[in-house]
Protein chains: 4
Amino acid sequence: MCRWIAYRGESIALEQYVTAPAHSLVVQSLKALESTASTNGDGFGLGWYAEHDEPGLYREVRPAWSDENLRHLCRHIRSRLFFAHVRASTGTPITRPNCHPFAYGRWMFMHNGQVGDWSLIRRKVEAMIPDGFYGARIGTTDSEAVFLAILGAGADADPAGATGRTLTMLADMVKASGTTQPLRFTSALTDGRDLYAFRYANSTVANSLYYRESKDNILVVSEPLDGERDFWKPVPTNTMLVARAGAKAKLVPFLQEQQVAAE
Amino acid sequence: MCRWIAYRGESIALEQYVTAPAHSLVVQSLKALESTASTNGDGFGLGWYAEHDEPGLYREVRPAWSDENLRHLCRHIRSRLFFAHVRASTGTPITRPNCHPFAYGRWMFMHNGQVGDWSLIRRKVEAMIPDGFYGARIGTTDSEAVFLAILGAGADADPAGATGRTLTMLADMVKASGTTQPLRFTSALTDGRDLYAFRYANSTVANSLYYRESKDNILVVSEPLDGERDFWKPVPTNTMLVARAGAKAKLVPFLQEQQVAAE
Amino acid sequence: MCRWIAYRGESIALEQYVTAPAHSLVVQSLKALESTASTNGDGFGLGWYAEHDEPGLYREVRPAWSDENLRHLCRHIRSRLFFAHVRASTGTPITRPNCHPFAYGRWMFMHNGQVGDWSLIRRKVEAMIPDGFYGARIGTTDSEAVFLAILGAGADADPAGATGRTLTMLADMVKASGTTQPLRFTSALTDGRDLYAFRYANSTVANSLYYRESKDNILVVSEPLDGERDFWKPVPTNTMLVARAGAKAKLVPFLQEQQVAAE
Amino acid sequence: MCRWIAYRGESIALEQYVTAPAHSLVVQSLKALESTASTNGDGFGLGWYAEHDEPGLYREVRPAWSDENLRHLCRHIRSRLFFAHVRASTGTPITRPNCHPFAYGRWMFMHNGQVGDWSLIRRKVEAMIPDGFYGARIGTTDSEAVFLAILGAGADADPAGATGRTLTMLADMVKASGTTQPLRFTSALTDGRDLYAFRYANSTVANSLYYRESKDNILVVSEPLDGERDFWKPVPTNTMLVARAGAKAKLVPFLQEQQVAAE
């Protein structure tokens, strides 16, 4: 399991949430509280939108907690929409292309979870990626493959629908593979304008997800960044949070029927 | 283009060829003479056999010329059969799993060349890897895919034949893809006992390959390690060098008919 | 020898000079033209001023030419004053703290050159660093030591004078050490507002330095970034370029008397 | 605090203690039990003696738990005397030269502890290093400085005495600096033949140290490698363990009088 944060709102320095809080993402890289992996030291990444349509990325294989570059970048880069992620690998190698977030054109994605037994369905998931997006597969993670599959499923026209269709197919694949390992998908997706976050599992336990909103600013996190638990609202299991630019966040059921059908 | 050396013979310290010679592989990492890329600074790797059937590997993304670990390992590790490789990437990321050599069980492989326009045939080449070997694909290079395809084509029973069949298929794929980029395959393969080296191209220019033999020791290199050019014999284009354990090296035609047919 | 660029002027994306030109600094990392070391692959660094008094830093041990993070940062970060540096080590280890530029408070510095035989005078140079600055010595290079010595010599009040006094002492130390190796100092220094560049040697050959000016923008470089040689003016040997904020650059003799005395 | 192991005995594969045990050093890198820092992910190192007088070194900035090179080396390298160390930095940068063990000629050293407030006494400790050894200071840690000071104090002639004299001076420096931070020194030193381990503190709590002996084989560890606590004997505080080649280990009081005097 990994930890991540996603922010959309007025332009702020990344340090405000990545490094400054008492239980910041960088603190979580060394000691997470709501993760099965307390240490998330298998690389990390930042992705942010500034003046270009496509995001900037900084990804590194070293742990976040000791990376002086990360502290500098978080202090000196401002953004109105950014992702940050600390990784606990579930088996794929510790390389920069395997670090989150992933970007393609104006799209960006990051993930915390697992896709059943990856070794059993890897080829099937990779086959979901259309040729036009396959050149962008520069790593070997399940997460990158799922991202490219979502794009291939039509994220440009309908991000939520493309994600839902992809997850439905993934759930079927996982089930058909005969594994007892779950499909857990706690992810964030954006086109540089609107922010979508998903908390889904094909079993009863989904990976944690919280959010905090003030005015038009929204912050979505794997676990609260401080002890003021009242300010952090959990995203319910099998729910999508939609935070369109300039609008309040909405919670929308996500694949709940399928979930019921699976039980 | 990359540079590599392969050794099979009495047990020696790796430094004897990797770091000590005037134009050692480490010197070539900074300044190669017979390569289109004079700098081979995109990572490197060592693979060696000691007391186990499977080889040890040391692969790193930094340039070989400044890696103090590499100097230590070459000085302190002895082997009767080892590969060393310095990389000049043709586009795939600089990650450890993308560095040569590649190992699977007792098999080891490294490559200098290119497989046409990789973006055009990548999926086809990956599809050549049988399921049983696909879990070993931990990187994204053409070279690793070709290695696993060779293993899947039956290297255990017939290494030369499996390599030949795979290359024939590759040549067909490259041709069918419509690219003008060549298939160049200057590679080394071993099962920990016998050494096979290949110098092949589907066009008139194959990447350079030389060897030097004394008693039962054989050294195969991308380019000579010193100025004594008389001691280094070129491997002819479209030729396989076979150095079985305890026997003299032999040069054998490799896909020469196919080559003629292609012209 | 290393290669570097320094820019001060209107706010621009770093890519404009670090990655975009035909002979950009990143191109120079792989193939420099006016350097004894054609390859500058021993790490690199960026330093830039944005909204804070102190600069942001990104320093990495890998070669600049293959660093995807560097390309992202140069595309997405804008600055009115930045340094970029690609390193060819003269012997000290390839570590991030040994990569240029160096920063202390609002000050930033980078260097191309050598300080005689560093092994002979290292302790003496380190002794020039006042206690108050010694805690900032996190690496082992001569360059970092000289920077901290310059700060300790009173850069806050008189940057040019502090640098001159420090270099005079260095020249004496190098001479007294009995080495035949030169003192070469082609450096850039800034307080986040004014830019100082130095081209100095205690022998007849100083490392190359050029500049190009348009309106209030100035770019100082180790070697021209393109083939339009007429636009690039060489900084004469033993000369300081002073580019105060909002003013035209001036060339000022630097330690020329001392140089004459030394001959 | 860091974690380490030291072995001297018959030649074994490093994996036997570094990676194989239930609570191996690599496991401790992710989750140590008797350390204030449960995560020791700030780099690691191996040092081993084979056929040369001086040891081989492999040091890396990434965490030990995910380093595939480390697993390979531990499986394929055998040694009769080796050190392994996982680091939790107390403030100095995460660089290879700052990773333990440190080597100089045939000597090797590693450390777990701290030297009071390093910022207060750094220059004094560095001044203890004789000129002849100062060129070997390629990092910035307190540990490397102490090692070179011990060598300078005459380790060649009298390792235990040189260490004792150095520690006495360090204890005086720490005391004179006025800090409340302790001097804690739990270290291993060897000349490639005999093994010395120290457990010392100038206050009542010394960092943990255990050993296990069978025939002529001795293993000294920061914390037991498995749950069989009966087999692991603690080294008492302010005690030196001496394991000369071919002899049983002896426990000898180390600076106990000084300790009493300090209380």
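## How the chains of this model meet

Across the interface of chain B and chain C there are 0 salt bridges, a salt bridge being a side-chain nitrogen of Lys or Arg within 4 Å of a carboxyl oxygen of Asp or Glu. Between chain A and chain C, the count is 10 salt bridges. This is a predicted model, in which local features need pLDDT of at least 70, side-chain atom pairs count only at pLDDT 80 or more, and totals for chains, interfaces and linings use all residues. Side-chain values use heavy atoms, with hydrogens and water left out, residues are numbered from 1 along each chain as its sequence is written, and chains are lettered from A and ligands numbered from 1 in the order in which they are written.

**Where chain A meets chain C**

- The contact draws 22 residues from chain A and 22 residues from chain C; contact means heavy atoms within 4.5 Å.
- Together, chain A and chain C bury about 2,100 Å², with 43% of it on carbon and sulfur atoms. Buried area is the accessible area (1.4 Å probe) that two parts lose on being put together, summed over both.
- On the chain A side, A:Asn69, A:His76 and A:Arg96 lose the most area to chain C, together 31% of what that side buries.
- A:Arg96 also forms a salt bridge with C:Asp67, and their closest N and O atoms are 2.8 Å apart.
- Strand 3 (56-60) and helix 3 (68-76) of chain A are the elements that give two or more residues to the side touching chain C. Helices (H or I, at least four residues) and strands (E, at least two) are DSSP runs, numbered from the N terminus.
- Helix 3 of chain A provides the largest share of that side, 6 residues.
- Sorted by class, the side of chain A that touches chain C has 7 nonpolar, 5 polar and 10 charged residues. Here Ala, Val, Leu, Ile, Met, Phe, Trp, Tyr, Cys and Pro count as nonpolar, Asp, Glu, Lys and Arg as charged, and the others, Gly among them, as polar.

**Where chain B meets chain C**

- Here 10 residues of chain B are in contact with 10 residues of chain C.
- The two chains bury about 820 Å² between them, 55% of it on carbon and sulfur atoms.
- B:Thr39, B:Arg62 and B:Ile94 supply 44% of the area that chain B buries against chain C, more than any other three residues.
- Chain B and chain C have 3 residue pairs in polar contact (both at pLDDT 80 or more).
- The side of chain B that touches chain C divides into 5 nonpolar, 3 polar and 2 charged residues.

**Symmetry between copies**

- Copies are superposed by least squares on the C-alpha atoms of residues with pLDDT of at least 70 in both.
- The same surface serves both copies, as 100% of the contact residues of chain A recur in chain C.
- Chain B can likewise be laid on chain C with an RMSD of 0.0 Å, by a turn of 180° and a shift of 0.0 Å along the axis. In chain B, the C-alpha nearest the axis belongs to B:Arg62, 2.9 Å from it.

**Some places to look up close**

- A:Thr140 sits in the loop between helix 5 (131-134) and helix 6 (142-152) of chain A. At 4% relative accessibility, A:Thr140 counts as buried; buried means under 20% relative accessible area, exposed over 50%, and partly exposed in between (1.4 Å probe, protein chains only).
- Not counting residues up to four places away in sequence, A:Thr140 touches residues including A:Trp118, A:Arg122 and B:Thr140.
- In helix 3 (residues 68-76) of chain B, B:Asn69, B:Leu70, B:Leu73, B:Cys74 and B:His76 are buried.
- B:Asp67 caps the N-terminal end of that helix, with a side-chain oxygen 3.2 Å from the backbone nitrogen of B:Asn69.
- D:Arg193 lies in the loop between strand 7 (183-190) and strand 8 (195-201) of chain D, and at 52% relative accessibility D:Arg193 counts as exposed.
- The side chains of D:Arg193 and D:Asp194 are joined by a polar contact of 3.4 Å.

Note on methods: A polar contact is a pair of N or O atoms within 3.5 Å; within protein, one must be able to donate a hydrogen and the other to accept it, and residues adjacent in sequence count only if both atoms are side-chain atoms.
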